[in-house]
Amino acid sequence: MNRKDWQDAYGEAPEAFHRRLLEALDGLEEEEMRHIRKRHKLTTALIAAIIAILALAGGALAARELGIFEYFRYDSYKPLPEAEEMVETELGSAENELVKLTVEEAVYDGQGALVQLRFTPKVDAREYALQNPCFEGSWGWGDTDYVVGEEEVDGAVRWHFLGRKDGRREIDCDVNANIIAENGEEIPIESWLGDAMEDGSIVLHGSGRSEIPLGESVTLCVEPKVRLRVKWDEKTPDGKFVDAGRGAYESCAMDAIETPMKLSAAERYIELVPQTKLDRVEVLRAGINLTPVRGYLTLEYVYDPLPEELMGISIGLYDAEGHNLCGSSGGEGSPEIDGKYYWSYEVKPFDELPDVLYLMPDVIDGPPMGRIECRVREVDAPVVTMPPSQGFSAEK
């Protein structure tokens, strides 16, 4: 059930109601705890009252607790407020003897998906630590969480992890996640952020997108990869190091989670009409497929490269004030196809459309080439899409 379903059923609760609700629950808890010590149970009437109150405020409370858009923490833009209505919650779980994996939140926007996953330990967090490769700095050289050793091999420094400083055993928690289109195409969720929580759990925020629109519904598939570290690198008495090798981890099986996802907001289509062209770059067609979560900019252009421009160009999107409107996940480009090139980016979602936007080609690892002024207008269908299976990734 997504936030819009809650709102349709119960309506939106005002902020003043939130405050009264929390104050009432605090008072009920304090009063009932005195009786619980005597009776050891809540009354049926109290339970029913709390359930009814929470049901009335369900949509609004859920909205305040959403964390899925933390994925955009490093971007210059955020999804529009109405994007919260598109989020689906509690989409499934799986577990083994060590951890439980929950798909807490997910949103599908017609061309890509965001997910929020949580690994929760089922073992004592004082004895076990959950780990994930995408924690910021968690596995960097000389990380303070680990006992590390170094040796020089062929003039280069090589690092060895000899154990955790806190002595805890380590559980490596990771996933393979995909969105599966109706035609069977699998689009990987391959851009991740990770956070370690105070209760010992870890939260992962992931994003994946297709080069072209995918339709009204997809299937989210999450395959857990859980491993228990059973061996670390070792340092011998003579100062040599021995790698733990393939025996460092023991795999711990866990079932995959599959769940359908639907597009719950209408897409809008924007055309960028070039008013100028540069000496060696001309944009032929440009459009944005737009939802409250994010937009997808796609360009078709011709380009006359210089011999030294081996990596080609990237093309950014900017507003009239010079703000970069592209996301941080990089772009998708194509090689030359019948004399044309294609480029695609995630971009800022627009509440109100500007009159003018600017496309700015840059030589990859080189200088900017200028800017192309574009008039903005809304249209009824996508303007241009990437050619199938032609894209390659290019980080900004």
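**Reading the terms in this model**

Tutor: A polar atom in the side chain of Arg 229 lies 2.9 Å from the backbone oxygen of Lys 231. The model is predicted: local features need pLDDT of at least 70, side-chain atom pairs count only at pLDDT 80 or more, and totals for chains, interfaces and linings use all residues. Residues are numbered from 1 along each chain as its sequence is written, and side-chain values use heavy atoms, with hydrogens and water left out.

Student: What makes the link between the side chains of Arg 229 and Tyr 249 a polar contact?

Tutor: A polar contact is a pair of N or O atoms within 3.5 Å; within protein, one must be able to donate a hydrogen and the other to accept it, and residues adjacent in sequence count only if both atoms are side-chain atoms. The two side chains are joined at 2.9 Å, so the distance falls within the cut-off.

Student: Which residues are in contact with Arg 229, leaving aside its neighbours within four places in sequence?

Tutor: Contact means heavy atoms within 4.5 Å. Arg 169, Glu 170, Ala 248 and Tyr 249 are in contact with Arg 229.

Student: How do you know whether Asp 166 is buried, partly exposed or exposed?

Tutor: Buried means under 20% relative accessible area, exposed over 50%, and partly exposed in between (1.4 Å probe, protein chains only). Asp 166 has 42%, so it is partly exposed. Arg 164 has 12%, so it is buried.

Student: What makes the pair of Glu 346 and Arg 294 a salt bridge?

Tutor: Their side chains meet at 3.2 Å, N to O, so the pair meets the definition. Glu 346 is buried at 4%, and Arg 294 is buried at 0%. Together with Asp 109 and Arg 209, they are linked in a network of salt bridges.

Student: How many aromatic pairs are there in the whole structure?

Tutor: The search finds 8. Rings of Phe, Tyr and Trp (its six-membered ring) pair if their centres lie within 6.5 Å; planes under 30 degrees apart count as stacked, over 60 as edge-to-face and the rest as tilted. The centres of Phe 69 and Phe 72 are 6.4 Å apart with planes at 35°, so this pair is tilted.

Student: Why is the pair of Trp 343 and Tyr 345 called edge-to-face?

Tutor: Their ring centres are 5.6 Å apart and their planes are at 70°, so the angle is over the edge-to-face cut-off. Both residues are buried.

Note on methods. A salt bridge is a side-chain nitrogen of Lys or Arg within 4 Å of a carboxyl oxygen of Asp or Glu.
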